[in-house]
Amino acid sequence: GSRIPLTVHEVPTGTRALDWVIPDEWNIRDAYVATADGERVIDFRASNLHVVSYSEPVRTRMRLEELRPRLHVHETRPEWVPYRTSYYERSWGFCAARATLDALPEGTYEVVVDSMLGPGSLTYGECYLPGATEDEVLLSTHVCHPSLANDNLSGIVVLSELASALASERRRLSYRILFAPGTIGSIVWLARNEDRLHHVRAGLVLACLGDAAALTYKRSRQGDARVDRAAAHVVAGRGGRVLDFTPWGWDERQFNSPGFALPVGCLTRSLEGEFPEYHSSADNLDLLRDESLEEAVEALLEILDVLEHDRTYVNLAPKGEPQLGRRGLYPSTGGGAASEEQLALLWVLNQSDGSRSLLDVAERSGLRFDLLRRASDALLRGGLLAESE
Amino acid sequence: GSRIPLTVHEVPTGTRALDWVIPDEWNIRDAYVATADGERVIDFRASNLHVVSYSEPVRTRMRLEELRPRLHVHETRPEWVPYRTSYYERSWGFCAARATLDALPEGTYEVVVDSMLGPGSLTYGECYLPGATEDEVLLSTHVCHPSLANDNLSGIVVLSELASALASERRRLSYRILFAPGTIGSIVWLARNEDRLHHVRAGLVLACLGDAAALTYKRSRQGDARVDRAAAHVVAGRGGRVLDFTPWGWDERQFNSPGFALPVGCLTRSLEGEFPEYHSSADNLDLLRDESLEEAVEALLEILDVLEHDRTYVNLAPKGEPQLGRRGLYPSTGGGAASEEQLALLWVLNQSDGSRSLLDVAERSGLRFDLLRRASDALLRGGLLAESE
Amino acid sequence: GSRIPLTVHEVPTGTRALDWVIPDEWNIRDAYVATADGERVIDFRASNLHVVSYSEPVRTRMRLEELRPRLHVHETRPEWVPYRTSYYERSWGFCAARATLDALPEGTYEVVVDSMLGPGSLTYGECYLPGATEDEVLLSTHVCHPSLANDNLSGIVVLSELASALASERRRLSYRILFAPGTIGSIVWLARNEDRLHHVRAGLVLACLGDAAALTYKRSRQGDARVDRAAAHVVAGRGGRVLDFTPWGWDERQFNSPGFALPVGCLTRSLEGEFPEYHSSADNLDLLRDESLEEAVEALLEILDVLEHDRTYVNLAPKGEPQLGRRGLYPSTGGGAASEEQLALLWVLNQSDGSRSLLDVAERSGLRFDLLRRASDALLRGGLLAESE
C-alpha cells in the first residue's frame, strides 16, 4: 500500500461466496508445548510454523503419548518444520523437527494454543490501474502462507514491483492487481466481481518466482488464449518451460473453473511440490535470489508488452517487396548475411495481409516480439504499413 | 460353443459374397511323399503344414527332379516347416525342413494328396450378446490357420475368454463376436449382414495375442474413432504400441474397406511377419505365454469398459471449485501433495462443461479412465455432477 | 537459347515495376588499381569479383590511405575475394584477398573503373511450354551473379536441363521457365504478367543445386500448397530437408509477397550463407558436382511428375477388398510378406473414396508416389478404379 494505490477490502466472516462460506477469522497470540517446569519445547514465538494454521484454542495438560498424534514432522526432511493447515475441520496441532520431538522425555506437558476463532473478516488488497480501454488484465498472487518465502513472499514482491512499474506507464489495457488468501480469497473476489468479469481479457497468477529454477508458464484451461501465446513466446524465449493447464496449483484453479473459464495462466519457477523446501521452514529468505525476482518482473513486463502492443497490420505495398533501400530501411551494400533487423522487416511485410498479428509473426518467424514491433514501427513511419481495421 | 452361446453358420460354396464367390470346400484325409519302398519322407499325419493348404488331389509317381518345384522350404529358417496356401489357384505342393529335402536320394517317389475339393460350405461361428442398446461392438478373430498357435489359436482363446466374461456382465452395448476364416469369412459375414452394419459403433480384430511382445493397437481407417481413442488410452497406459491404420493385416482390411468403413481397429502383440516364427511350424504352443493371453483379456475388458462407461457430464457448481471438504471428498489436513484421486476429482470438475467426455478428460489429464470414472461416480453421489443431455 | 525455345525480353531502364524503377544499365570494360609504374595490383581482367558490382566510373589517382575504405576483403576467409554489390546507392569499390592488400606499399595508385551507367535495358529469358491445360508451373532461377558457380550457374544449368526434358514430354500442365536477375528481374516479370498470374498453380525457385549438401525444399508462404506437398514427398524420400517458409533467400521472396502469394517454393541444397564459399571467389566450378546437378534434375522431374499425375480415384468395388487374384493382380501362393506393389494396390483401393488423391495416399502410406501411380494404373486397367469427377 505504500508503493501502489491499494484498496483493502474486508469481507465479513459468514458471507456466502459461490459454493463457500467465509470461515471464522483466526487470530493467534501465542502457542507452545512446555515441560512441567515451564520450559517451552515447541514455541510459536520462534516460528508460526510450529502451530498448525487455523488451530482452535486449547489450554490443557497432556501426557506425551496423548499429545503425539498432534505433533507433525516433515515426511522427507526431518530437520525441517513442516507447514500444516486445517482450515475446514476444527482441529489443533503442532509442527516441529524430528530431533526436537525425539528429545522430549516422557511425562506431562502443558499445551497451549492461545488462538481465537470467531467473527471477523476476510481481507484482500486490490489495485486497479485504468488504461485507455476497459479491457482488463488480472494479476493475482496469494497472501496466506506466513513465513514462507518462495511460496508466498516472492509472488507478493514481484507483483508489487510489477504494479509499481505499470502504474507509471501509458496503458492501453487496464490492470486489476489482487493480493488475496489462496482459494477462499479468489473465490470471494470472483463472487463479488461476477458482473464485471467480462472485462478480463487475460490474467496471470504469480507464485514461487524467487528460486533458482527456470521460469515456468502453465497455460490457461483454454490453452491458446492470447495470454497463453504471449507468455509462451516470452518464457520459451528465455529458456523457460511452458506447460499445459492442470486444475492444480494456486488460484488459477478458481479463475479457470468452467463457470468462469477466464483466460488466466500461471507464472512460476518451481511448481508447488517441485522444490524440496516447499511447505516447510526451509522455504525462507535464503531460498530467494535477487536475479530470479528481477527476471520475473522483466519477463512479466515483456508478456504485458505483447498484450499491450500486439496489432494486426496491412502491407501497403504488398506486391513484391517494396524497395526498402530508398526508404533508408536497408543496408546499401549487399552480399552479406541478413541481420535480425532486416529479417524482422521482411517478415512483417510478408505476413501483414490483415490476418496475422505481430504475435502470429513472432511465432512463425521465431523472432522476438520486440524486434518485430520495432520493425513494424519503422515500416509505419516509412508509410509501408497501416494498422488493420 | 461349450463356453458361450455360439451359432454356427454354414454358407454353401458357390455363394456370391461381395466381389467374391465362396470356393469349393477342401477336405483332406492324408498326404505324403514316399520312397519306392513305401517310407513316408514327408507326411501329413505328422503335421498338416507339410501340405500346401487347399492342394488339389494328386496320386502319382514322380522323379525327385520333377517333384522339386512342388517342395517348399522356409526362406530364412530352413529347420522350420513353412505354412503355405494356394486358395484361389488350383495347385498342390508340400512343405518341409530343408534337411529333410536335402536327405532325399534321387529316384522316383510316390506322391499322394488325398484331398477333396467340391461343394460344401464355409463355416463361421457367431455369438450375439444383447445389451441395453442396439449399439454394437464387433469382435472378430480368424480361424483358418490350423496348427498355428500365435497367429490363430491365441485370438480364438482370448476372444472366447472375453466373450465368456462379457456374457456375465451388465451391458449397455451389444456385442457381436465372430470366429471366421480370414478374408472370405469376414467378406461373407459382411455380405450377409450389410443391412445391420449401421449398428456397429466400434470393433476390434484380435490376432497374435500370445507372444511376448508388448500389446499393439492398430487404429481403424478413420483413425480417431471412439474405439481408437479408447484402445490407444488403454494400450499406451500399459506400455504398448499404438500404430496408424494400414490396409494389411487381418480382417480389419475388410471391415475398413471404403464401402463399409467401420470403426474397427486391431489388437495384437507382434504384427504379421514381426515374429520370426510367423507362418511356420515354430508358431506352436511353446510360443504362447499365459500372462500374455491374460493381459490381452484384461486390456480388452478395459477398452470395452471405456466404451461402456464414457459419458459427458456437467459440473453443477461450475463457478470456482466447490468445497469438496464439507462433502467428504477432500482430505481435511492440507499442505501435502495431491493424490491421484484428488486430481481426478478436480479434473472432472474442471472439464465437465458438457462438451468433454471422461475419455477426453483422460486424454488431457494423463489420468487413467477408471480413476476418472470413480471420481465422476463420487461427484455424482455428492450432487456436484449431472450427466449431460 | 540454343537448347530450349527461349524468348529474351529487354525492358527499358527507368520503367516502373511495382514499387521499383529499373535502374540504369551497368556495363564495364575494365577496372584496376595500379602502382605508379603501371603494375595492376587489383585487376578486373583476372575476375569481375575484384570490382564491386554496379560501381560507378572513376579514373583518378589516390594515396593508399584514401583508397583503403574502398577496398573490401572477405570477413572470415581472407584468402578469398568477396562478392560485393552496390545496386541502389551510387558507389564504387574493389575486392581482393587480404594478402594482396597487405602487400601494397604506401604511395599513390592509379584507380580506374571504366564502367558505364546509363540508359539501357533489363534482360530476362523466358520459355513457355504449353500443356493440355493453361494451369501453369512457374520455374525460375536468378542470372545475376557473374562468376559464381553454385549460387548462380548451378540453377541455370539445372533449369536448362529440366526445360529441355520437359519440352520433349507430353504435358498436362503448362510450364513458364524464367531466367532473370534476382529481385528486380522477378519484380519486373511479375509487374508485366500480373493479369495472367492466376494461371500459376505451382512454382519452384531453383538455386545452389550443385554442392554436396542434401536437397533442401523450402515451403511456400502458404506452406501446404500442392507443390509443397509434392516437393516434401520427393525431397524427404531422397533423404533431403524440408524447411518452413522464410521471406529470405531468392526470388521466392517476390513470388510469395502478400499481394501475389503464389504457391512457389524453393529447391536448393545449401541455403544462402550455409556454405562457406557463398558469395566469394571460392564459389567456382570446383564446388559443383555432376551427381548433385543430375540428382536435382531427377528430383525436379519427380516433383513435376506428382503435379502432372496426382488424381483422385473412386474404388468401384468398395465393399470388402475385391478379389485381386482372379484379376491377375495378386500372387497366387499366399503366406509370405506383402510386397510394396501389393501394399500399393491395397492402399489405393482402401483410400479411394473420392476424397483422397494419390498424393494423399502417398503421404498416409509412406509409399512412393510412383509406386502408387503404377498401382492405380493397374487398377484402372482392371476395372476396379475410376477417376473421380
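How much area do chain C and chain A bury between them? Here are some notes to go with the structure, which is a predicted model.

1. On that opening question, chain C and chain A bury about 2,200 Å² between them, and 48% of this falls on carbon and sulfur atoms. On the chain C side, C:Asp19, C:Arg221 and C:Trp248 supply 29% of the area that chain C buries against chain A, more than any other three residues.

2. Polar links across the C and A interface come next. There are five salt bridges between these two chains. One to look up joins C:Glu194 to A:Lys319, with the closest N and O atoms 2.2 Å apart. You'll also find 14 residue pairs in polar contact between chain C and chain A, counting pairs where both residues are at pLDDT 80 or more.

3. Now turn to chain B and chain A. About 2,200 Å² is buried between them, 48% of it on carbon and sulfur atoms. B:Lys319, B:Glu321 and B:Asn350 supply 29% of the area that chain B buries against chain A, more than any other three residues. The contact draws 25 residues from chain B and 25 residues from chain A.

4. Which side chains meet in a salt bridge at 2.7 Å, N to O? They are those of A:Arg253 and B:Glu321. B:Glu321 was also named above, among the three residues that supply 29% of chain B's buried area against chain A. In total, chain B and chain A share five salt bridges, along with 14 residue pairs in polar contact (both at pLDDT 80 or more). The elements giving two or more residues to this side of chain B are helix H8 (340-351) and strand E18 (353-357). H8(B) gives the most, with seven residues. By type, the residues on the chain B side are eight nonpolar, 10 polar and seven charged.

5. Within chain C, have a look at helix H10 (residues 369-381). Its 13 residues reach 18 Å from the first C-alpha to the last, close to the 18 Å expected at 1.5 Å a residue. Buried in H10(C) are C:Phe369, C:Leu371, C:Leu372, C:Ala375, C:Ser376, C:Ala378 and C:Leu379. An α-helix has 3.6 residues a turn, so residues three or four places apart point the same way. The buried residues of H10(C) pack against several elements of chain C, including helix H5 (226-237), helix H7 (290-309) and strand E19 (385-387). After the helix comes C:Gly383, with a positive phi near 75°.

6. Most residues other than glycine have a negative phi. A:Cys208 isn't a glycine, yet its phi is positive, about 45°; C:His279, also not a glycine, has a positive phi of about 50°. A:Cys208 sits in the loop between strand E13 (200-206) and strand E14 (216-218) of chain A, while C:His279 is in the loop between strand E16 (264-268) and H7 of chain C. A:Cys208 counts as buried at 0% relative accessibility, and C:His279 counts as buried at 9%.

7. Last, is A:Thr13 buried or exposed? A:Thr13 is buried, because its relative accessible area is 17%, and the cut-off is under 20%. This residue lies in the loop between strand E1 (7-12) and strand E2 (16-17) of chain A. Leaving aside neighbours within four places in sequence, A:Thr13 is in contact with residues including A:Ile22, A:Pro23, A:Gly118 and A:Ser121.

Note on methods
Residues numbered from 1 in each chain as written. Chains lettered and ligands numbered in written order. Predicted model: local features only at pLDDT ≥ 70, side-chain atom pairs only at ≥ 80, totals over all residues. Heavy atoms only, no water. Helix = DSSP H or I, 4+ residues; strand = E, 2+ residues; numbered from the N terminus. Expected span 1.5 Å × (residues − 1). Buried < 20%, exposed > 50% of the residue type's maximum accessible area, 1.4 Å probe, protein only. Contact = heavy atoms within 4.5 Å. Buried area = accessible area lost by both parts, 1.4 Å probe. Salt bridge = Lys/Arg side-chain N within 4 Å of Asp/Glu carboxyl O. Polar contact = N/O pair within 3.5 Å; in protein donor to acceptor, adjacent residues only side chain to side chain. Nonpolar A, V, L, I, M, F, W, Y, C, P; charged D, E, K, R; others polar.
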